[in-house]
Amino acid sequence: MASHGLSYEGCNFLRQRLVLSTLSGKRVKIKSIRSKDDEPGLRDFEASFIRLLDKVTNGSRIEINQTGTVLVYQPGLLYGGTVEHDCNPQRSIGYYLEALLMLGPFMKTPLKATLRGVTNDPTDPTVDLLKSAALPVMKNFGIDGEGFDLKVLKRGMAPGGGGEVVFTCPVRRTIRPVQLTEPGKIKRIRGVAYSVRVSPQMANRIVESARSILNKFLPDIYIYTDHMKGANSGKSPGFGLTLVAETLSGSFLSAEMSSTPQGQGDPILPEDLGRNCAKLLLEEIYRGGCVDSSNQSLALLLMTLGQQDVSKVLLGPLSPYTIEFLRHIRDFFQLMFKIEIQKPLEDERKGGDKVLMTCVGVGYSNINKTVK
């Protein structure tokens, strides 16, 4: 590793590297991006992601060679403000939004980002999932207030897109350390079944089949149906379900499924989708922890950037994405977590093995924030 920056190879974990580079101020060079492919270099959605980073920062230097296989990124200051971005429909808005959630609190001025594109697709976390599971995680770290919101104005299913969301985030000087070690029992399940450009009956069929499984465990279940019409329904037909289980200690565990995009593979029945999504939620509850598997890296990042005090979070089994994220945190912030495996007792019914993550924050202070 040269002292002037970090260098990586390949197209994997591009977002992680660029986000951590922006926060730590360290230059990053990524080479051999799909250099062996028939179409080498950055994909359109990655270029779109880099443009979005350029919009929220001030003075970033981005160099890409002719074939797009080498990227050099010298981060500028996080500026924020009002940003509009048309996301590339190859990936859903969630792909772009996950990065903005990580960067939002550290801007100079509060962020108001309007993102257009695909709101729900089977590969990335949908905007509903981020709203119902990622925002509560951030609230635990003291990122909260009137200006903290994620609104879905229009839904757009893959492949056509046409959705629109607005994410607003206040700025924070520092991040408070947390102790999230007791997940607690599940007290209620909430969800949204959405349908666009198909019969509104689809959403009701999803709700009924999801309840047929979940009602065996819990009486307090409420799944909203959301049927958007006309201009707000995007360009492609589709439906899906996002479920969130809330525990007594205020943790949220989530699961979701979206219908197969038009013209890609076998269509799925709303009944099957509802049942499968309910089973995914039960699996997520079995994995457990205070933060669900899709938001592990967000929680770990906020722990890293906390004040110089001990943070503890109990997680379910770490996802491969999270494991790679921990390696990157070590690279960019020289911070290592203490990882303890906790096996639940046989008779406790606490689900799978848990991992207790402990670290002392680096005491990150938002130097960009305007002093009032």
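Start with helices H1 and H2: H1 passes H2 in a right-handed crossing (right-handed if the near helix is turned clockwise from the far one by less than a right angle, left-handed if anticlockwise). Helices here are DSSP runs of H or I with at least four residues, strands are runs of E with at least two, and both are numbered from the N terminus.

Select residues 14–24 for H1 and 44–56 for H2. Their axes come within 11 Å and cross at roughly 15°. Axes are lines fitted to C-alpha atoms, for helices over the stretch in contact, and angles run from 0 to 180 degrees between N-to-C directions. H1 and H2 are therefore roughly parallel (angles under 35 degrees; over 145 is roughly antiparallel, 65 to 115 roughly perpendicular, the rest oblique).

Now show the side chains. Leu14, Arg15, Leu18, Val19 and Thr22 in H1 meet Glu46, Phe49, Ile50 and Leu53 in H2; contact means heavy atoms within 4.5 Å. These contact residues divide into six nonpolar, one polar and two charged (Ala, Val, Leu, Ile, Met, Phe, Trp, Tyr, Cys and Pro count as nonpolar, Asp, Glu, Lys and Arg as charged, the others, Gly among them, as polar).

A word on the model. It is predicted, with local features needing pLDDT of at least 70 and side-chain atom pairs pLDDT 80 or more, while totals for chains, interfaces and linings use all residues. Residues are numbered from 1 along each chain as its sequence is written, and side-chain values use heavy atoms, leaving out hydrogens and water.

Next, find the open sheet E7-E8-E10-E9, with mixed pairing. Two strands pair if DSSP finds at least two bridges between them. E7 (80–86) and E9 (149–154) are the edges; each has a single partner strand, so one side of each lacks a neighbour in the sheet. Strand-to-strand twist averages 10°.

Select E10 (residues 163–169): five bridges pair E10 with E9 in the antiparallel sense. Lys151 stands opposite Val166 there.

Move to E14 (residues 238–247). Seven bridges join E14 to E15, running antiparallel. Glu246 has Phe252 as its bridge partner. In the hairpin, four residues lie between the strands, and Gly250 takes a positive phi near 85°. Is E15 (residues 252–258) largely enclosed or open? Five of its seven residues are buried, so E15 is largely enclosed by the rest of the structure (buried is under 20% relative accessible area, exposed over 50%, partly exposed in between, with a 1.4 Å probe and protein chains only).

Finish at E16 (residues 310–315) and E18 (residues 354–360), joined antiparallel by six bridges.
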